[in-house]
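Student: I've got a model open and want to talk through how it packs. Can we go over it together?

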Amino acid sequence: MNTRTQHPKRFLSLLAVLLLAVSFSLSVFAAPPLVIDEYGLFDADTLTSLEQQAEDAASGHDCGVYFLVTDSIGEQDQRDYAKAYYISHNLGEGDSHSGILFLLALGSRKYVTITYGGGVTAFTDYRIKDMEDEIVPLLSDGEYAEAAETYISLCADTLDFYAEQGVPLDFDNDPANQPGLLIFLIIVGIAFLISGIVCAVLCAKMKTAHQKTEANDYMPAAGLTLRTQRDVYTHTTRTQVYDPPQQDNNSSSSGGSSVDSDGFGGSSGGSF
């Protein structure tokens with residue numbers, strides 16, 4: 001047998017094995033998509049566009065931004081379903097598997113938002129509620145693609161805010177809750193205008209008054225005589241002290257993020 005013909009065959013066989021091994025390795029370690037449509041809700045172009053938007057939103061933040069569409073989950077709790085999916089599909093970025101996931105169970109008409117790792121810190125309870133307040137009405141109207149785009153856009157804004165400010169977006173630092181500079185200047189200007197008018201009126205009334213130079217000038221010539229003495233009730237002074245209601249420790253008004261025993265944050269979800 002010619003050994004020269006065996007060497008190329010062995011080389012080609014070895015090369016084929018190596019290519020298969022590399023291909024298998026890439027398939028194993030390939031990152032899962034960020035927009036996961038198990039229901040077939042979006043067409044190919046929409047899915048590609050949403051995936052790119054999610055990648056842009058997560059880029060540089062070490063926090064995955066996931067949007068999961070599935071069919072009916074029956075009577076199963078949507079939060080438990082989303083948590084199990086997150087763990088079983090090894091979602092999240094970095095060693096802490098940081099991420100945020102919005103579950104849309106279209107067949108059950110249920111939704112929920114969960115966070116994990118660094119996503120718990122970046123997305124406070126207040127912010128998640130604010131996000132869902134914008135997303136859920138779109139789901140109710142059947143605007144699913146717009147709902148997904150809104151979710152991804154809000155995630156991008158939240159992650160950018162955290163990166164730029166060094167603190168997560170919460171109720172006490174949300175720019176939407178802060179009065180604008182123009183409004184502030186208008187309020188101050190009106191206050192100065194009113195006080196100026198009042199002062200001008202008072203000054204005008206004082207033009208006829210003249211200061212006395214002697215203390216006796218303020219006394220009548222015949223002296224002061226008290227003929228009648230009466231006690232007249234004028235008013236009662238009442239002091240009220242405001243006793244604010246106790247804050248619920250589980251309320252988002254206290255700020256920050258709530259975390260369950262499994263380390264997940266987010267909302268309890270609902271139906272749309």
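Student: Which residues in helix 2 meet which ones in helix 6?
Tutor: Thr46, Leu50, Gln53, Ala54 and Ala57 in helix 2 meet Ala145, Ala148, Glu149, Ile152, Ala156 and Leu159 in helix 6. Contact here means heavy atoms within 4.5 Å. Helices are DSSP runs of H or I with at least four residues, strands are E runs with at least two, and both are numbered from the N terminus.

Student: What classes do the residues of that contact divide into?
Tutor: There are 8 nonpolar, 2 polar and 1 charged in the contact of helix 2 with helix 6. Ala, Val, Leu, Ile, Met, Phe, Trp, Tyr, Cys and Pro count as nonpolar, Asp, Glu, Lys and Arg as charged, and the others, Gly among them, as polar.

Student: Before I go on, what should I know about the model itself?
Tutor: It's a predicted model: local features need pLDDT of at least 70, side-chain atom pairs count only at pLDDT 80 or more, and totals for chains, interfaces and linings use all residues. Residues are numbered from 1 along each chain as its sequence is written, and side-chain values use heavy atoms, with hydrogens and water left out.

Student: OK, back to packing. At what angle do helix 2 and helix 6 pack?
Tutor: About 10°, with their axes 9 Å apart. The axes are lines fitted to C-alpha atoms, for helices over the stretch in contact, and angles run from 0 to 180 degrees between N-to-C directions. Helix 2 and helix 6 are therefore roughly parallel to each other. The cut-offs are under 35 degrees for roughly parallel, over 145 for roughly antiparallel, 65 to 115 for roughly perpendicular, and oblique for the rest.

Student: And how do helix 5 and helix 6 pack?
Tutor: Helix 5 (residues 125-140) and helix 6 (residues 144-165) pack at about 165°, with axes 8 Å apart. That makes helix 5 roughly antiparallel to helix 6.

Student: Which residues in helix 5 are in on that?
Tutor: Arg127, Met131, Glu134, Ile135, Leu138 and Leu139 in helix 5 meet a set in helix 6 that includes Tyr144, Tyr151 and Thr158. By class, the contact of helix 5 with helix 6 has 9 nonpolar, 2 polar and 4 charged residues.

Student: Switching to the core. Which residues touch the most other members?
Tutor: Leu101, Leu104, Phe123, Leu139 and Tyr151, out of 49 residues in the largest nonpolar core. A nonpolar core is a set of buried Ala, Val, Leu, Ile, Met, Phe, Trp, Tyr and Cys residues joined through side-chain atoms within 4.5 Å. Buried means under 20% relative accessible area, exposed over 50%, and partly exposed in between, with a 1.4 Å probe and protein chains only.

Student: Which element gives the most to this core?
Tutor: Helix 6, with 9 residues.

Student: What does Tyr151 touch?
Tutor: Leaving out residues up to four places away in sequence, Tyr151 touches Val65, Tyr66, Phe67, Ile100, Leu101, Phe102, Met131 and Ile135.

Student: Is Thr115 buried or exposed?
Tutor: Thr115 counts as buried, at 0% relative accessibility, and lies in strand 4.

Student: Last topic, backbone. What's up with phi of Asp62?
Tutor: Phi of Asp62 is near 55°, a positive value in a residue other than glycine. Most residues other than glycine have a negative phi. Asp62 is in the loop between helix 2 and strand 2, and is partly exposed, with a relative accessible area of 49%.

Student: And what's the phi of His97?
Tutor: About 55°, positive although His97 is not a glycine. His97 lies in the loop between helix 3 and strand 3.
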